[in-house]
Amino acid sequence: MGKHLAPKPKHELNFIKKKPTHASGQTKPVHALRTEKTADTKDVRKSAGRERVKRGFRAAKAKRNAGSEEARRSVPRIRVPETLPSLGRFSRYVPVIAALLLIGIHFVPLEGWMVPAAYAIPGLLAIMDHAADAYEGVRGGRYINNAFLSCLSSVLLFSTGLYTVAVVLLLLSSLSNLFEKHLLDKCAGAQNRISSILPKYATLITESGTDNIDPADVNPGDILLVAAGERIPIDGIVVDGISTIDTAAVSGQRSPWAVNVGYKVYSGCRNLTSDIKIKASRPYQQSTAWKLVRLADAAPDFASEQGSSASRFMLYYQPVVLGLALVFGVVLPIFRGGWAPHLQRAAVMLVAARAVTDCFSIPLLYRKALSLTADFGVFSKGQDCIEAIAKAETIIFDKTGTITEGRYAVTDVYPVKMSEKQLLTIAAAAESFSRHPVAAAIREAAGIIDDRVIRAAKLRDYPGRGISALLGNRQVYVGNAALLEEHGIKYQIPSRPGTAIHVSVDSRYCGYILVTDKVRRRAFDALETLRVNGIKKLVLLTGDVFSVARPIASRLNFDMLRAELKPEEKAKAVNYLMKNKGARSTIAFVGEGENSGRIISGADVGIAMGSLGSDAALASADVLIMDRDIFKIPRTLTISRLVYRAAWENFAVGAGINILLALLGMFGWISPLAAVILSFMSCVALLGNSLRIK
Ligand code: ADP
Ligand code: MG
């Protein structure tokens, strides 16, 4: 085989040469704020919400990042999600009694003052359910609150002689509140399910035996006993025993996992088959279970754009309608007379001014999406992340570890003037500390190397290219063609397509090692499902060579491929796509959290696969897929799209009925009873819409 000087690869792309001009490309990663939920972060979050109104999702993301340092320093304290207080036994029956009384009164012949007096009894009972809330609201300065408006409207109707309608209004409000509370409770229940992965105790091994202690009191380095069937209390390393670990609670999928001495284990997972001893490697509050629960706990607090639009709508709508109600109900009759019909119009407008449900139930929809996805091991950092996924038209994939399994294997060795074994040994020794999957493959192929023979020193990482190391006093390079070119070392062009890892010692070329990685089993189906769900463009980025990436891209129908990219070129490619996307759409980036932190945070929404135990993923990604099931991306997308559409429906129906009622009421074209029933029905429709999300 002749030696050639390899031609300079022509992978420099047009778009990469363009200078990124927009500031958003420079956003730092760290969404840590979302995991660090404290009082301090409230303001940041609030202003982040305001900011989003002005400049969209990316601005809000940047703002959150800016506040994160502050938030990180403050002591984290967990708020174990509590369910909403259920109505007391007494108050739950009060509306029922009121309803029965109301029906009963219809059968009693009454006359004169007896009539209002009789209706006042169910009226007072029914108003009890709202009066306290109304009082609380008004005292807290929220004069425009649902309970208060209901009470006021009911009083107006009662005063004009519409006794039945006045009581029915209150009863239906109670009923819709009950329904809403029930649905919120269900979401809170899902939240509780997530927090059940928190360990209750840890079994510390002491000189005199064992001791059950609070997991928070475990120090790194402590040796803990985890009996079969118990939950692993803290992230650590197995020091004794062989067992099987189930990550189902964390990753949402039953995936038993054999562990042996030296293996890492993560808190929240269950130890299945036999007792093991682990050495704690982190404090409790930096362990996986704790971080996940906090993340899931904080997520509902980051509102979606749709949610903020809805609250902005109410912000303008309510005062306008109330102002008109005042004009039509009080000012007009002063001049024209005819108080009763005018007051009834005002009452209808008060009904119309109520927020049918909280923000048209948009937060409820998103909460549901958060808990549904968390159930299968996908944790989002906010409602806005779900929304951003729903709006995605482009998804960028980093090849290794997402589309492929990220587990390389050596297939061939082509040594130059040495044996295969020698070449592998040199490469493996140089790679001894690299965390790249290629390094793992080479080490495995080389077998065990005696430390005393060759000891690597002065290691240096060249991201996206390879590594260099000193073996004895010899300079060794192990990496792709770009690495050798950079150091002016001539190399052989591989005679077969594939990922070639070249090796040189003191500028002398020693040959190359071919490695391959398998495409994930269900990658094709997953990508097709994404397309069916409306993704228009699938992009594949990789640092690997074209000869490997091109067949994968064409087999999986990618629309765009960029190969032989260094990490910074990947980031530029993401920036380029971000700059040239449609105004209303977003771009999602799917990477493997450990290596692609900066690139992940460059897209609108970063999705990290294989996030279990990865701090980098936790810090930089917006959506964490705990295991490596690629099919969870389309599953998340489907739910997000469903929620996104349902949220618009809710907004349209809710706001539409509100406006319609207000107009009809204003001109007196609707009877108060019809208005009350219509309002109730719209509430049921909005809440019921969330039941469709499954
Ligand atoms: P990917 O886009 O597939 O994740 P990377 O950016 O991690 O790829 O790496 C790109 C290429 O650089 C690899 O295909 C490999 O050829 C080379 N490379 C990176 N790190 C190493 C290493 N530690 N040892 C050998 N080769 C490496
Ligand atoms: Mg990589």
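This briefing looks at salt bridges in the structure above. The model is predicted, so local features need pLDDT of at least 70, side-chain atom pairs count only at pLDDT 80 or more, and totals for chains, interfaces and linings use all residues. Residues are numbered from 1 along each chain as its sequence is written, chains are lettered from A and ligands numbered from 1 in the order in which they are written, and side-chain values use heavy atoms, leaving out hydrogens and water. Side chains of opposite charge can pair when their charged atoms come close.

**The overall count**
- The whole structure holds 19 salt bridges (a side-chain nitrogen of Lys or Arg within 4 Å of a carboxyl oxygen of Asp or Glu).

**Asp615 and Arg282**
- These two form a salt bridge, with their closest N and O atoms 2.7 Å apart.
- The pair links distant parts of the chain, 333 residues apart: Asp615 sits in helix α24 (helices are DSSP runs of H or I, at least four residues, and strands are runs of E, at least two, numbered from the N terminus).
- Arg282 is buried at 16%, while Asp615 is partly exposed at 35% (buried means under 20% relative accessible area, exposed over 50%, partly exposed in between, with a 1.4 Å probe and protein chains only).

**Lys399 and Asp544**
- In this salt bridge, the closest N and O atoms are 2.9 Å apart.
- Lys399 is in helix α16 and Asp544 in a loop, so the pair ties together parts 145 residues apart in sequence.
- Lys399 is buried at 1%, and Asp544 is buried at 7%.
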